Amino acid sequence: MAEGSLLSDELLRHLMAVGQVDVLVGVPTLNNASTIGGVVNAVHQAFGKYFPRDRTVLINSDGGSVDGTQDVIRGRSQDQTETVTVSHALRTTHSISTPYHGVPGKGSALRQIMTAADLAQAKAVAVLDADVASATPEWVASLVQPVRNQQFDYVAPIYSRHPLDSPLITQLVRPLFRAASGWQVREPLAAEFGCSNRFLAHCLEQNVWDNELARYGIDLWLTATALYGGFRCCQTMVGPRVAAAAPGRPGFREVFQQVVGSVFLLLEQQASSWVTRVGSEQIPIAGPAADGKGDGQAPGVSRLGSTFRDDLRNLESVLRAILGEGTLRELNAIAEAGVEEIRYPDALWVRTVYEFMGAFHRGVMRREHVTQALIPLYLGRTGSFLVEQSSRNPAEVEGALEALCVEFERAKPSLVQYWNQAT
């Protein structure tokens with residue numbers, strides 16, 4: 001798509017008035033009026049405190065908000081922020097808010113932000129999620145400085161949180177992506193990132209922007225593209241991530257299907273890059289390393305044994321088309337072992353995920369039905385892990401999560417086998 005069709009005449013005029021910039025921060029929005037003010041404040045404070053000599057601009061790409069999101073952004077000029085800067089900015093800071101056009105979803109907003117950054121020849125770019133209530137000026141600095149000062153091309157955040165938090169990441173996405181891709185990424189689905197002009201120019205040349213990954217899997221696609229493309233990548237601590245509840249946010253089942261479907265689809269599309277990889281490599285951390293303690297409290301423990309057993313019975317015909325006979329037999333055995341608590345071991349969970357991914361690739365049924373059928377098994381595994389780990393300290397839980405990642409890596413040949421059976 002031509003650059004002119006991505007950037008409206010009004011946006012082009014604004015960018016021409018701004019001229020070349022050093023640091024650009026993009027914020028995609030859709031009905032984020034309740035939180036966007038804090039994010040904008042954090043960005044402007046970062047510009048004044050950490051980049052006072054740089055030419056800076058904040059670009060908001062809006063997907064059609066009807067709650068006054070853009071009005072909040074336009075009303076938060078730099079002079080209105082509660083600044084805590086230690087020095088005054090020596091250059092003018094600009095803010096631009098504009099609607100995007102194209103396929104609905106975050107991908108179109110990011111494409112517009114990246115196109116604007118490329119036109120402005122931005123040396124470093126950071127993207128922030130609009131509904132993060134915990135964003136600080138230090139977030140912006142942590143994402144931008146490795147690009148600006150150390151010539152990294154892609155910066156992934158590390159959030160400070162309890163290791164039992166975000167089980168969809170820790171139990172499925174992180175270990176699966178690590179085993180398949182060969183890279184140890186703490187937050188492969190992170191909505192925030194920093195990047196160089198070289199990386200964003202590469203992304204703009206790819207054909208992802210009009211397909212399904214751009215709608216639901218663009219964050220994972222960016223991470224994978226940076227790693228597979230040979231760009232200089234790092235991770236950086238940004239602190240705790242607290243996302244505010246947003247109206248219209250999809251429920252758990254929809255989120256699960258979007259996330260898992262995107263992971264499976266991405267790995268399918270990029271199979272040539274990971275099938276032959278063995279083991280995994282750590283991505284360097286720029287700045288202070290994580291202390292391993294995390295923030296917040298462990299989530300409540302759920303006893304899902306009876307529900308797990310009922311779900312297995314109700315889904316038996318579907319699971320027979322997806323899982324091997326031995327795997328299904330073991331699942332039924334652990335379901336019958338106890339009413340309130342189940343024990344779903346690592347090796348069985350890894351085999352379950354790999355067989356589901358193989359079934360997704362083979363097309364044994366509609367793909368959304370495959371990912372939907374994984375939900376009760378994921379809930380059973382998560383409940384099992386929480387029961388087993390809830391009384392342990394964070395360091396011990398991190399050890400258990402690392403053991404799960406290692407098991408995913410150890411069993412990767414079975415995934416490759418399932419994969420090759422379908423080709």
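Here are some questions and answers about the structure shown above.

Me: What kind of model is this, and how are its residues numbered?
Reply: This is a predicted model, in which local features need pLDDT of at least 70, side-chain atom pairs count only at pLDDT 80 or more, and totals for chains, interfaces and linings use all residues. Side-chain values use heavy atoms, with hydrogens and water left out, and residues are numbered from 1 along each chain as its sequence is written.

Me: How many helices and strands does the protein chain have?
Reply: Helices (H or I, at least four residues) and strands (E, at least two) are DSSP runs, numbered from the N terminus. Counted this way, the secondary structure of the protein chain comes to 19 helices and 9 strands.

Me: What percentage of the residues in the protein chain is buried?
Reply: Buried means under 20% relative accessible area, exposed means over 50%, and partly exposed is in between, using a 1.4 Å probe and protein chains only. The protein chain has 423 residues, and the buried share of them is 53%.

Me: What share of the contacts with a separation of 6 or more joins residues 24 or more positions apart?
Reply: A contact means heavy atoms within 4.5 Å. Among contacts in the protein chain with a separation of 6 or more, the share from residues 24 or more positions apart is 85%.

Me: Which residues does Phe356 contact, leaving aside its neighbours within four places in sequence?
Reply: Phe356 is one of the residues with the most contacts inside the largest core. Leaving aside neighbours within four places in sequence, its partners are Phe264, Leu319, Ile322, Leu323, Val370, Ala373, Leu374 and Leu377.

Me: Why do the buried residues of helix 19 line one face of the helix?
Reply: In helix 19 (residues 412-421), the buried residues are Lys412, Leu415, Val416, Tyr418 and Trp419. On the other side of helix 19, Pro413 and Gln421 are exposed. An arc here is that of the directions from the helix axis to the C-beta atoms. The buried residues line one face because, seen down the axis of helix 19, they fall within an arc of 160°.

Me: Which helices are included in what covers the buried residues of helix 19?
Reply: The buried residues in question include Leu415 and Trp419. Their cover includes helix 7, helix 11 (252-269), helix 12 (271-274), helix 16 and helix 18.

Me: How much space lies in the largest cavity?
Reply: On a 1 Å grid over the protein atoms alone, a cavity is a set of points where a 1.4 Å probe fits but cannot get out, and lining residues have an atom within 4 Å of a point. Grid points are joined across faces, edges and corners, and a volume is the space filled by probe spheres set on the points. The count comes to 4 cavities of 30 Å³ or more. The space in the largest cavity is about 70 Å³.

Me: Which elements give two or more residues to the lining of the largest cavity?
Reply: Residues lining the largest cavity include Tyr159, Ser166, Thr170, Arg174, Glu398 and Leu401. The elements that give two or more residues to this lining are helix 7 (167-181) and helix 18 (394-410).

Me: What is phi of Ser166 near?
Reply: Ser166 is found in the loop between strand 5 and helix 7, and at 19% relative accessibility Ser166 counts as buried. Most residues other than glycine have a negative phi. Ser166 has a positive value, near 55°.

Me: Is Asp22 buried or exposed?
Reply: Asp22 is found in the loop between helix 2 (9-18) and strand 1 (23-29). Leaving aside neighbours within four places in sequence, the contacts of Asp22 include Asp54, Arg55 and Arg148. With a relative accessible area of 4%, Asp22 is buried.

Me: How far apart in space are Leu119 and Gln20, C-alpha to C-alpha?
Reply: Leu119 is in helix 5 (residues 106-119) and is partly exposed, with a relative accessible area of 35%. Leu119 and Gln20 are 99 residues apart in sequence, and their C-alpha to C-alpha distance is 8.1 Å.

Methods: 1 Å grid on protein atoms, 1.4 Å probe; cavity = no way out; pocket = protein on both sides within 12 Å on 5 of 7 lines; lining within 4 Å. Core = buried A, V, L, I, M, F, W, Y, C linked by side-chain atoms within 4.5 Å.
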